[in-house]
Amino acid sequence: MVEKYKILLVDDEADFLKINCKRLMRRGYSVETATSCAEAISKLETGWPTVVILDVMLPDMDGIACLKKIKEKWPAMTVLMLTGHASMQAGLMGIAHGAADYCMKPIELDELIEKIHIAHDETSSLHGL
Amino acid sequence: MNILQSFLKKFFPSQILRSQQDITELQTAFKRQYRNFRSLLTANNNALEIMAEMEQALAMGQPFSMSFVRGRITALTTNVYKMTQFLTQLSDGKYSGLATVFNDLTSRLENILMRQPAVPEGKFIMPLSEIDRNSADLTGEKMANLGEVLNHAKLKVPDGFAITSSASQHFIAANNLEEEINRRLQTMLPDNLESVYSTSAGIQQLISRSPLPADIEEAIMAEYAQLEARQGDNVLVSIRSSATGEDTRNSSFAGQYRTQLNVDKEFLLQTYKEIVASKYRSQAIIYRLQRGYRNQDIAMCVGCLAMVDAVVSGVTYSRSPENPRSQWVVIHAAPGLAAQVVDGSAPTNMYRVTREEPHKVLDRKLSYPDTTQSLAGEKAFSLSSDQINELTRIALRLEKHFGSPQDIEWSIDRSGAIIILQSRPLGLLTLEQRDPELDKTGDEESTPFLMSGGATVSSGAACGPVHIVLSNLDLLQFPAGAVLVVAHPFPEWATLLNRAVAVVSETGQVAAHLATVAREFKLPAIFGMDKATEVLKNGDMITVDAVGRRIYSGRQETILAQAAAPSANLMENSPVYRLLQDALTLITPLSLTDPASPFFTAASCKTFHDITRFCHEKAITEMFQFGSRHSFNEKAAKQIVGETPSQWWIIDLEGGFREGLDSKNKFIHIDDIVSTPMRAIWHGINAIPWQGPPPVSFKGFGSIIFQSTMNPNLDPAVRSTLTAKNYFLVSKNFCNLSVRLGYHFALVETYLSNLLTESYVSFQFKGGAADETRRMIRIALLKEILERFDFRVDLKGDALTARIEKKPTPFLLDRLRVLGYLLMHTRQIDMVMGDQGMLQRYRQKILTDIDMLLKMENKQDDKGAITNGGKV
């Protein structure tokens, strides 16, 4: 795994952000966090992230709506949904609106990292990058 | 026309001149096509693995939770959906019929997942005088039984009322807690006790801190005021959990929830909330997970009962719990409140009393929880013979009333009246009916034991390392598979019972809650084993023989073998189990098996498995057709040559051929192929020469193929034009091989990635020329060998599918070599499979060969082994 992505973690759970931010950084990824959709969008506007990991429930907007917003502006952005809320409909909506994957918490770090790589490959090839 | 010729025509169309630009565009298009194809395969891989996990969960009897079911189905749905999307892209929108089938299936699945238990509608409060068995949905089993005791068995119970399930539902709903609770439970790690405890504590706090809706508050206080009017101002009450589904015959939920004694008016409402919250105590969460109950399957009802000023309390069993057919009643009694008897913390008197009148005391035993307490006194206490008589009559009356042996909690108040606090079925106490003395064999006598004594509270035997638990800290470190050793059988230790293999306690008896749960989980348990926490040392391997009431050092196979009994599936028929069962009917059955059948269509897909099968097959078709559709001969099939041409054809998808290869050449030398998985298979095919039998004449490698293609009378097992040939479809790390060798059809597909999620090997095998019995014997042999090499094998008729997923590349390469070997060496051995001796011989030869093959590989570069170019 040569490529080290710049990952934006979006979740309203402070503990989750703290732990996973630390873990991903230990593996050599650059990580930033956001606790709301608005914050996520403003971080995306800086052009920094290459991958977004998005919770399905956010304080200011539901994750699917946030996903739509992100995909509207940055269609080639790799977005993974990661949620404690296992819902078929949300999963399908997520994929239909351009999320590369819909994963359930808790997730092993190694599994998450693999999913990030696969998601990034798939999204890139979809957009001819 | 010969099929082979038509095939060649397809892949070698007359040359069309193309500009460099055209070719670059085509290459880009192909690359995209190939990526979609691979993504589809990854999704397929995930989907098949998830389906296998769910089938296994149902079959193995291992507990699984609703979170598991919901999580797996969500993951499956998204993967199947991705497959349909990728196929749409691969095929430029063909197969649009899939969407209809998929949407129909998901909405039916959604209905199954959303299935909710009926929520009873009713009053928030019901006084005991209005409650009986029919109120169980509203008042919980415990209060319903108590109402029955009062109103129909006409016995005395404490004055009081029930706060119903409607009230607790309303409380949770008004605070919008359900979704948050489910979210927390979904993210909990059930195997990690710390996670269970913190989730449990968090949810309980969440509930306890939420405000009670005013209407519930008013209703409770109004009813309490009436109780005060009858029992005196600020009457102390016990607040008891009374969950729905509790204390039924199959699930005891013993000691799961809270009961709070001596609550006064001021703390009434807060305590009510805490009892409602105790639905999420850690032991209750674990218990529900083990038994297949969802949170919504259990509604918390609460009993509010005036305290009994108890002089003596106890538990009566209308029959011996060790032996449900026994002809005596068992009474455990202790001074003070009943709670001490059931949590195992007080010294108790045990009486065995005849069921026939006049009731006679058969024997009486005094047991102390530990030595320090017994020194403190209290030995003067005993029941009078009148009390014993009366308790026995009550037990028999309740047994008759409820129609089954009963487990009864009671208190005797200052006026001497016997008050029934609870009566529930004794159905769970399923100790085998046998005398421990009879089970003793000479062996046991000769084996020295570490300790003996105590009482069998749950029969059986088990072996594991000792883990002594005296504090919550010990509890957190409890390893799975250990023997739980405790000083007292506190109900909170029940949290560990899904990890423990046996329980040993220094104190306590058969009436303890922990004993009930141990029996339910079929864990051998000995209580009253004096000094167990001193004699046994953490980490010592011991065998607990609960029947013989002995503890042995080390693993005692004889004793374990005697006790071995098939363990019950704790989940069976629980709400979660039934739900998964129903969901799987829409998921796992495979009806699309033959790609050549006219019914192999999108509209014929009936399950998710069908959809994955369909997408997979059509994706391969699309990949094959890409080359011919675009007359793109750079990517078309080449014949593999070694020293001589073979009958194997290969198509490069991306990077499977050495760079700088002459793309116009119709032949390719094996050394020019750089596809890693292909070369591993090739090595397996060629490393060990095939010696027959059967002694059928053939020339070189492809003779059997020609035989079958030239003989139209042989009914091919699979008629798809695509799969009727030996093709490798390769990239650097991908290989799809379809083979017809002899009269069987085989398909190997693999992708080797440094990402485990993407890595897999799959193998399909079908057909043969021999009669069905012989074919089946061969396929059983294949299954056995594949399983030996870690494949997950599924057999349907004479069609075998085998898969391995998510393993590192070297591991998978070895499996590919094995498959290559099997492809060659199981040819036509079905012909001789009638003979057992022959079968043995082949099994032995195959295993020896494979062993040699894998060792060979470790010594030399795979290139070295591939020299004979497919010639056998």
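Visitor: Where is the place of Pro524(B) in chain B?

Guide: Pro524(B) sits in the loop between helix H18 (513-520) and strand E17 (525-527) of chain B. Helices (H or I, at least four residues) and strands (E, at least two) are DSSP runs, numbered from the N terminus. Residues are numbered from 1 along each chain as its sequence is written, with chains lettered from A and ligands numbered from 1 in the order in which they are written. The model is predicted: local features need pLDDT of at least 70, side-chain atom pairs count only at pLDDT 80 or more, and totals for chains, interfaces and linings use all residues.

Visitor: Why does Pro524(B) count as buried?

Guide: A residue is buried if 20 or more other C-beta atoms lie within 10 Å of its own, exposed if 12 or fewer, and partly exposed in between; C-beta atoms are placed from the backbone. Pro524(B) has 26 C-beta neighbours inside 10 Å, so it counts as buried.

Visitor: Which residues does Pro524(B) touch, not counting those up to four places away in sequence?

Guide: Contact needs C-beta atoms, placed from the backbone, within 7 Å. Among the residues touched are Ser458(B), Gly460(B), Ala502(B) and Val544(B).

Visitor: What makes E12 and E13 of chain B edge strands?

Guide: Start with the sheet. Its eight strands are open, with mixed pairing, in the order E12-E19-E18-E14-E15-E16-E17-E13 (chain B). Strand E12 (449-452) and strand E13 (455-458) of chain B each have a single partner strand, so one side of each lacks a neighbour in the sheet. Two strands pair if DSSP finds at least two bridges between them.

Visitor: How do you know that E18 and E19 of chain B are joined?

Guide: Count the bridges. Four bridges join strand E18 (residues 541-545) to strand E19 (residues 550-553) of chain B, and the two run antiparallel. Pairing asks for at least two bridges. One bridge partner is Ser553(B) in E19(B), for Ile542(B).

Visitor: What do the side chains do along strand E28 (residues 799-805) of chain B?

Guide: They alternate. Leu800(B), Ala802(B) and Ile804(B) point to one face and are buried.

Visitor: Which strands are joined to E28(B)?

Guide: Strand E26 (residues 760-767) of chain B is joined by seven bridges, antiparallel. Here Phe765(B) stands opposite Leu800(B). Strand E27 (residues 792-796) of chain B is joined by five bridges, also antiparallel. Val793(B) stands opposite Ala802(B).

Key:
Contact = placed C-beta atoms within 7 Å.
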